[in-house]
Amino acid sequence: MGMKAFICLMWLLMWVSQSKGRLLFIPSKPDPNDAAASARWLVSLNFWGVLNTISADLGGAPFGNVVSYSDGLTGAGTGIPYFYLTSLDPTARNALENDKASLTVSEYPLGTCGTKDPMNPTCSKISLTGKLKLVDQQSKEAEFARKALFSKHPEMKDWPKNHNFQFFKLEIENIFLIDWFGGPKPLTVEQYLHPKIQSI
């Protein structure tokens, strides 16, 4: 089997396993010296995280919520997280009043941290801070979000229509990444969105 065929097979196995909510194959973790590669690997392979908004109900206190997300089809991540949210939930309501938000994702759920504690610096974690924006539901971007989300979260297709789920995206303004000892890695949004690697 050629290398290209092997890589395609591995992505297929990962896609099949993701559809069942579990990853069976994880591409190798990038060199921690390559911050952009580490960040994109972490965001693209995960499919849930904690989305934090400014609470409209709690006097402006931060409100964190576990949410599913996707940054693209398996093997073709863009780095931009998309969400399928309903205003019946505080997260969407908060964003519609104050769009400041952050998404935090850990390497730990991928199973690649071994026995390390999730707070161990070598167990990567990332916080993407920016604005949680409603996507124009009639746009090509909404169709992209639909394919990206429904491919990784198939049950979303059957969520109640009368709950008015809509597509949102995080417009990233700042990145906080720790993937090794020595504190957060300097990483600009431009470097993150256009890394010198193939998309995850």
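By a pocket I mean, on a 1 Å grid over the protein atoms alone, an open set of points where a 1.4 Å probe fits, with protein on both sides within 12 Å along at least five of seven lines, and its lining residues have an atom within 4 Å of a point. This is a predicted model, in which local features need pLDDT of at least 70 and side-chain atom pairs count only at pLDDT 80 or more, while totals for chains, interfaces and linings use all residues. Residues are numbered from 1 along each chain as its sequence is written, and side-chain values use heavy atoms, with hydrogens and water left out.

The second largest pocket is lined by Asn 65, Val 66, Val 67, Ser 68, Tyr 84, Leu 85, Thr 86, Asp 89, Met 156, Trp 159 and Phe 165. Strand E2 (62-68) and E3 are the elements that give two or more residues to this lining, and E2 provides the largest share, four residues.

Turning to the interior, a nonpolar core is a set of buried Ala, Val, Leu, Ile, Met, Phe, Trp, Tyr and Cys residues joined through side-chain atoms within 4.5 Å, where buried means under 20% relative accessible area (1.4 Å probe, protein chains only). The largest such core has 30 residues, and Phe 83 and Ile 126 have the most contacts inside it. Helix H2 (35-45) supplies at least two residues of this core, as do, among others, strands E5 (125-134) and E6 (166-178); the largest share, seven residues, comes from H2. A second, separate core of ten residues includes Tyr 82, Ala 145, Leu 149 and Phe 165.

Notes
Buried means under 20% relative accessible area, exposed over 50%, partly exposed in between (1.4 Å probe, protein chains only).
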